[in-house]
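Please study the sequence and the model before reading each solution.

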Amino acid sequence: MYAIVETGGKQYPVEEGRYVDVELLDVEKDSKVVFDKIIMIVNGKKSKVGQPYVSGASAEGTVLAHDKAKKVIVFKQRPKKGYRKKQGHRQGFTRVMINKIRTSAQKKAAETAEA
């Protein structure tokens, strides 16, 4: 079972028990994070596609680390003019371990079990 999650203006495929690197989130390390914008859930032959999001679905995860990606070199040059500019950039990201993907039916079952 996997899902397509939208966060930070981008879409990421997530699966239970695997980590995903998403745009930098403003949360502490080892804290829980919930992704509510689920675009699609695929469970074998059963799949749900949202319009735009699947209602009641969510993906829960734990923040593992905040880090930076590999350096990207930006080099600009104008021929025959002596203009050269070299600049580096490292994009920040948050590594999240996906613990659970819940559909609306699983969410209702969990709420009734708690009560």
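**Exercise 1.** Determine whether Arg90 is buried, partly exposed or exposed, and state where Arg90 lies.

*Solution.* The model is a predicted one. The relative accessible area of Arg90 is 42%. Buried means under 20% and exposed means over 50%. Arg90 is therefore partly exposed, with its value of 42% in between. In the chain, Arg90 occupies the loop between β9 (83-89) and β10 (92-102).

**Exercise 2.** Name the residues that form the positive surface patch.

*Solution.* The patch consists of Lys68, Lys71, Lys86 and Arg90. Residues of a patch must have over 30% relative accessible area.

**Exercise 3.** State how many salt bridges are counted, and describe each pair.

*Solution.* Side chains of opposite charge can pair when their charged atoms come close. The cut-off is a side-chain nitrogen of Lys or Arg within 4 Å of a carboxyl oxygen of Asp or Glu. By this rule there are three salt bridges.

Step 1. Lys10 and Glu23 form a salt bridge, with an N to O distance of 2.5 Å. Lys10 belongs to strand β2 (residues 10-15) and Glu23 to strand β3 (residues 19-23), and the two are 13 residues apart. Lys10 is partly exposed, at a relative accessible area of 39%.

Step 2. Arg95 and Asp21 also form a salt bridge, at 2.8 Å from N to O. This pair links strand β10, which holds Arg95, with strand β3, which holds Asp21, across 74 residues. Arg95 is partly exposed at 27%, and Asp21 is partly exposed at 29%.

Step 3. In the salt bridge between Glu60 and Arg102, the closest N and O atoms are 3.8 Å apart. Glu60 is in strand β7 (residues 58-68) and Arg102 is in strand β10, so the pair ties together parts that are 42 residues apart in sequence. Glu60 has a relative accessibility of 26% and counts as partly exposed.

**Exercise 4.** Describe the place of Gln106: which element contains Gln106, and which residues does Gln106 touch, not counting those up to four places away in sequence?

*Solution.* Gln106 is part of helix α1 (residues 104-114). With residues up to four places away in sequence left out, Gln106 touches Met1 and Ile101. The relative accessibility of Gln106 is 37%, so this residue counts as partly exposed. From C-alpha to C-alpha, Gln106 and Tyr12 are 22 Å apart in space, and they are 94 residues apart in sequence.

Methods. Residues numbered from 1 in each chain as written. Predicted model: local features only at pLDDT ≥ 70, side-chain atom pairs only at ≥ 80, totals over all residues. Heavy atoms only, no water. Helix = DSSP H or I, 4+ residues; strand = E, 2+ residues; numbered from the N terminus. Buried < 20%, exposed > 50% of the residue type's maximum accessible area, 1.4 Å probe, protein only. Contact = heavy atoms within 4.5 Å. Patch = residues over 30% accessible without salt bridge, like charges linked within 9 Å, V, L, I, M, F, W, Y side chains within 5 Å. Areas by Shrake-Rupley, 256 points an atom, 1.4 Å probe, with all protein chains shown as cover. Lys, Arg positive; Asp, Glu negative; His and termini not counted. Charge placed at Lys NZ, Arg CZ, Asp CG, Glu CD.
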